[in-house]
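Trainee: I have this one open for the first time. Can you walk me through it?

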Amino acid sequence: MTFEALEDTTNVTLHINDIVTKNETIKIVLNETSEVKIKSHQYDHERQFYIAQLEDSLKKDKIYTISMDFVGYLNTQLDGFYRSSYKDKNGQTKWLATTDFEATDARKAFPCMDEPALKANFTIEIGREENMTSLSNMPLKETVPMEGEPGWFWDKFEESVKMSTYLVAFTVSDFKYLESKDKTNYTFRVWTREEALSQAEYAIKIGPSASKFFEDFFMVPFPLPKQDMIAIPDFASGAMENWGLISYR
């Protein structure tokens, strides 16, 4: 995470929830060159904070980067980054992983400043098996083999527009899609399990029409290069307006 210090401070505070930080890997660096020493690592479980107390203060108007390794959990609670499932036509259970971050569950997936007023550009990379597909807010930029893991790949997505953490989204599934043939300046697709593709006909018909209506009504063009919609078997909300990756039950 790269950020600007708006005032002098002796701590960096991030939201985490159900995440284990690997403290020996945490580094805070000034202008990508000079490391700021961390005096202690603290946790405020009630407010879901990780706090790095520093030996020297961060200076106003300077640019810093904080990096760390951590372990998160693919939970079954239908929030944060969680696993869902469905049964195919043969009765076999198929698994997928997806997100639902509103209102404050991005912090279950990665350490962040999980406040809607604080916005950032996000760069997402997802590891997946060969038979799966990953999606995120932005289009796929490139796919590269995962070193030392045959049959696994890294999907790297384009940097997002500036947005709040609760609108970040990503999924990994074996879903198939329908793509709109309407003429728009962006790609429009609807994803679902293969047996339910026929049920996606309505969504792929009405989705681009609704988007076009709002573009005309507000006189604001759709700002992203693609819009995916995905039907999740287990989804606590009715729907979630993730930018570029709308999810619904």
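Mentor: Start with the record: UniProt positions are given in the numbering used here, feature names are shortened, and annotations may be inferred rather than shown by experiment. This is a predicted model, where local features need pLDDT of at least 70, side-chain atom pairs count only at pLDDT 80 or more, and totals for chains, interfaces and linings use all residues. Residues are numbered from 1 along each chain as its sequence is written, and side-chain values use heavy atoms, leaving out hydrogens and water.

Trainee: Which residues does UniProt list for "domain: Peptidase M1 membrane alanine aminopeptidase"?

Mentor: The unreviewed UniProt entry gives residues 202-249. That span is 35% helix and 25% strand, and its end C-alpha atoms lie 15 Å apart. Helices (H or I, at least four residues) and strands (E, at least two) are DSSP runs, numbered from the N terminus.

Trainee: New topic. What is the strand order in the open sheet of 4 strands?

Mentor: The order is β1-β7-β3-β4, with antiparallel pairing. Two strands pair if DSSP finds at least two bridges between them. β1 (2-4) and β4 (34-36) are the edge strands, each pairing on one side only.

Trainee: How many bridges join β3 and β7?

Mentor: Strand β3 (residues 20-30) and strand β7 (residues 63-71) share 7 bridges. Thr-21 stands opposite Phe-70 in β7.

Trainee: And Thr-99, buried or exposed?

Mentor: Thr-99, in strand β9 (residues 93-100), counts as buried because its relative accessibility is 2%; buried means under 20% relative accessible area, exposed over 50%, partly exposed in between (1.4 Å probe, protein chains only).

Trainee: What does Thr-99 touch?

Mentor: Not counting residues up to four places away in sequence, its contacts (heavy atoms within 4.5 Å) include Gly-80, Tyr-82 and Phe-235.
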